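Let's walk through this structure together, from the overall build down to the places where its parts meet. Have the viewer open and follow along.

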Amino acid sequence: MNTAAEVKTEAVASTSTTADAPLIQVRDLAMTFDVSAPWLNRVLERRPRQLLRAVDGVSFDIPKGKTLSLVGESGCGKSTVARLLLGLYTPTRGSFTFDGQDAHAAFKTPAGNVLRRRVQMIFQDPYASLNPRWTVEAIVGEPLSEHGLITDPVALRQRVGELLVQVGLAEGDRSKYPHQFSGGQRQRISIARALATEPEFLVCDEPTSALDVSVQAQVLNIMKALQKKRELSYLFISHNLAVVRHVSDYVGVMYLGRLIEVADKATLFATPRHPYTRMLLDAIPKMHATGRARTPVQGEVPNPLNPPTGCAFNPRCPLANDRCRNERPVLHLAGTTQVACHAVEEGRG
Amino acid sequence: MTLLQVQNLVVEFPGRRGTLRALDQVSFDIAPGEILGVVGESGAGKSLTGAAIIGLLEPPGRIAGGQILLEGERIDQLDAEAMRHIRGRRIGAIFQDPMTSLNPLYTVGRQLTETILAHLPVTKAEARRRAIALLADTGIPAPEQRIDHYPHQFSGGMRQRVVIALALAAEPKLIVADEPTTALDVSIQAQIIQLLKKVCRERGAAVMLITHDMGVIAETCDRVAVMYAGRVAEIGPVHEVINHPAHPYTAGLMAAIPDPMEDREMLNQIDGSMPRINAIPTGCAFHPRCPQVFDRCHVERPELIDAGPTRAACWLRQEATV
């Protein structure tokens, strides 16, 4: 790689080169959970406070109409990022700017409802995220009446019918209950509900990992078609790199609460820079044998309560040296990829 | 000689509103040392096939027809006690969630030595020596110390290694592995699959690998059976089934899987979803979703027939050979 062209920058993502500001801007977002033992135990057993840094300084942009995917293994903090962007958690540090507006400040004010209307979500498990005692009409119509968008029951009925047709269900399905649908159909109901308030940004946390492959294809195709039609922006959270390759424009790889590589999709899959990204790509089982034996990732993700010093990946990394064990790398530009790795920076990777 | 033969296996669930047929005339066999993949979507009957073979069908489910032969001997009619001796000794089992297959109150060493002592004529000291060797073989660091640890002291990937060691403890000829990597992270998944392949090859054990992940099948198996709505839709050498599928369902399934090495604008999708077992269509169960359906598919149920290197249950193949 062209190491001479590498420019060291701050850990500020710039996935977009357009002049106007991207719709979603996240800067140095962090979420720390206090997982200490109860006060009495701490006093009696002299145990220290324990902090879990679930997300530790994450920055990225998502331009309008584009998809950023976050990938990583369990416990890397990707779902916490999703919840932060939805306002379900208040961040310990950092900011989330939506359309030029400080979202976390807005969520606390009455005006926050307008923002909530514009940011919606799709959850992983369509069996758990739909109320089994509500009809589809009540489920899909709730955001509309809750935000006071449609109050007339006849108009509401009609709008719910339209939304269902958009996601490939029938208008008549509105009087049914969730148990009358298959997993893929339920996930479409979730999408219809998310689209009800005409949001501009959808946070999708593993939307297809509970679905079978043939049904997954249906849901991914609908999500892509809707994005095109309505210029939706997606934050897509997944552990499945094949799905990520299919849906994304940009990909961010997370490891123990930090972004370690951000690049546009084509670059990331063609020339992964960070050793962890390379290992992840290598670990995907390939349908069509390439003839070469895979080298499985060595070791396991360390305990996030007690992360390694320096680069969090150093105990599993084949390129680790003393600097990696002591100094924590920050994101820097290598070509068009932002990567947090000393080895790449020094040209050892 | 084949190690395991499953012939026209039928599994039924009697209920108040009539009997549901969950497996319908399933037939396949496994040769010694072979890895057979069984793939299908949820509800296709793949796990049920595994449960029927190891004699762990949950009541009221029962084998209502066909037979299962292990090394030429029928095992589908054995009583619970006889089946218990076969499980462990001749057929090992690995399940999806490693935490539920291990007893949280016993050390892994006790669970391993107990299994070895129950099935093999060895002394206690010898059993412990073997248990340590098994843990070492399955890639657990410092097995001499780890043998006295409890399951909760292991991580998910390490626990699944212990489960594999446990399944191999009595040196069975066949391992039934039901979604052994589904609960694990991608990087750990690759480690476990390689391990399973290696230890089974070293011991000459055959594996029936049940999974919904076609990538895992492609990398691991010799042959694969594709199941749909309680029947085998296609069976054959794994690379033939993946690259030249003979059944339209297999073809649709392969095209629906996003390929990590390739960019596509839209994925091919199979419209609709798999029928529930109380509403299986007449004729070929796939016909309402099949892009190449014709008259015969509506009325007559196809059996597995030769379709080049694979066998497929599809009338298109019949027409092609006539």
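Predicted model: local features only at pLDDT ≥ 70, side-chain atom pairs only at ≥ 80, totals over all residues.

Start with chain B as a whole: its secondary structure comes to 13 helices and twelve strands. If you like to think in boxes, the C-alpha atoms of chain B fill one of roughly 65 × 50 × 40 Å along the principal axes.

Chain B is divided into domain 1, covering residues 1-221, and domain 2, covering residues 227-322. Taken over C-alpha atoms, the centres of domain 1 of chain B and domain 2 of chain B are separated by 28 Å. Their contact takes 21 residues from domain 1 of chain B and 13 residues from domain 2 of chain B. On the domain 1 side, β2 (18-30), β3 (35-39) and α9 (214-220) of chain B each supply at least two residues. The largest share of that side comes from β2(B), with nine residues. Sorted by class, the side of domain 1 of chain B that touches domain 2 of chain B has eleven nonpolar, six polar and four charged residues.

Now zoom in on a helix pair. The axes of α4 (residues 108-119) and α7 (residues 156-168) of chain B come within 9 Å and cross at roughly 15°. An angle under 35 degrees counts as roughly parallel, which means that α4(B) is roughly parallel to α7(B). The crossing of these two helices, α4(B) and α7(B), is right-handed. Which residues of α4(B) and α7(B) meet? From α4(B) come B:Val108, B:Gln111, B:Leu112 and B:Thr115, and they meet B:Val162, B:Ala165 and B:Leu166 in α7(B). The residues of this contact divide into five nonpolar, two polar and no charged.

Finally, step back to look at the neighbouring chain. Here 35 residues of chain B are in contact with 32 residues of chain A. On the side of chain B that touches chain A, α8 (186-203), α9 and α11 (248-256) of chain B each supply at least two residues. Of these helices, α8(B) gives the most to that side, with six residues. By class, the side of chain B that touches chain A has 16 nonpolar, twelve polar and seven charged residues.

Technical notes. Residues numbered from 1 in each chain as written. Chains lettered and ligands numbered in written order. Domains from an automatic or database assignment. Contact = placed C-beta atoms within 7 Å. Helix = DSSP H or I, 4+ residues; strand = E, 2+ residues; numbered from the N terminus. Nonpolar A, V, L, I, M, F, W, Y, C, P; charged D, E, K, R; others polar. Axes fitted to C-alpha atoms, helices over the stretch in contact; angles between N-to-C directions. Parallel < 35°, antiparallel > 145°, perpendicular 65-115°, else oblique. Left-handed = near helix turned anticlockwise from the far one by under 90°.
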